[in-house]
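This report goes through selected side-chain pairs and a helix. Please look at the sequence and the structure before reading on.

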Amino acid sequence: MNVKAENVATTVSAGDIVKYVIAGLIAVSGIVVFYMFPQWYAPIRGLIVLLGFAAAVGVMSLTALGRQGRGFVSEALFELRKVAWPTRDEALKLTGVVLAMVAAISIILATLDLIIQWLVKMLLGH
């Protein structure tokens with residue numbers, strides 16, 4: 001495995017706090033621009049919000065927590081490369097099995113529902 005077993009106590013430095021505040025202000029400014037300029041074309045305003053959040057994530061990635069997050073994503077991508085993905089034929093066959101089972105269970109449950117409904121009507125005399 002590529003996982004590092006270590007207990008890291010994260011301390012928040014003053015620089016990290018400043019970066020958190022800057023990232024928050026950048027994200028909020030993107031939202032403010034969205035609502036302050038309703039006359040602008042909506043997709044452009046939406047793009048400004050996305051760019052604001054992307055810039056905020058960029059600033060956040062410079063903090064200690066951001067470095068831990070990048071390490072986690074790196075480990076996840078490393079593990080993802082080890083996955084044995086099914087072939088197209090296998091995926092189609094498995095999908096067919098799942099659909100057949102869903103159909104069979106649906107028919108069974110519908111039949112049970114009709115039987116219970118009939119029994120309740122018989123008990124109530126309707």
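Which side chain meets that of Asp89 in a salt bridge? The partner is Lys93, with 3.3 Å from N to O. A salt bridge here is a side-chain nitrogen of Lys or Arg within 4 Å of a carboxyl oxygen of Asp or Glu.

The model is predicted: local features need pLDDT of at least 70, side-chain atom pairs count only at pLDDT 80 or more, and totals for chains, interfaces and linings use all residues. Residues are numbered from 1 along each chain as its sequence is written, and side-chain values use heavy atoms, with hydrogens and water left out.

**Salt bridges**

Asp89 and Lys93 lie four residues apart in helix α4 (residues 88-124), so about one helical turn separates them. Helices are DSSP runs (H or I, at least four residues), numbered from the N terminus. Asp89 is partly exposed, at 44% relative accessible area, whereas Lys93 is exposed, at 55%. For these words, buried means under 20% relative accessible area, exposed over 50%, and partly exposed in between (1.4 Å probe, protein chains only).

The salt bridge count comes to two. Glu79 and Lys82 also meet in a salt bridge, at 3.3 Å from N to O. Glu79 is partly exposed, with a relative accessible area of 32%, and Lys82 is partly exposed at 49%.

**Aromatic rings**

A search of the whole structure finds two aromatic pairs. They are set out in the table. Rings of Phe, Tyr and Trp (its six-membered ring) pair if their centres lie within 6.5 Å; planes under 30 degrees apart count as stacked, over 60 as edge-to-face and the rest as tilted.

| Pair | Centre to centre | Angle between planes | Kind |
|---|---|---|---|
| Phe34 and Tyr35 | 5.0 Å | 85° | edge-to-face |
| Phe37 and Trp40 | 4.4 Å | 10° | stacked |

Phe34 is partly exposed at 23% relative accessibility, while Tyr35 is exposed at 61%.

**Helix α1**

Helix α1 (residues 14-36) has 23 residues. In α1, Asp16, Ala23, Ala27 and Gly30 are buried. The buried residues of α1 pack against α2 (42-60) and α3 (64-80), where contact means heavy atoms within 4.5 Å.

Note on methods: Helices (H or I, at least four residues) and strands (E, at least two) are DSSP runs, numbered from the N terminus. The expected span of a helix is 1.5 Å times one less than its number of residues.
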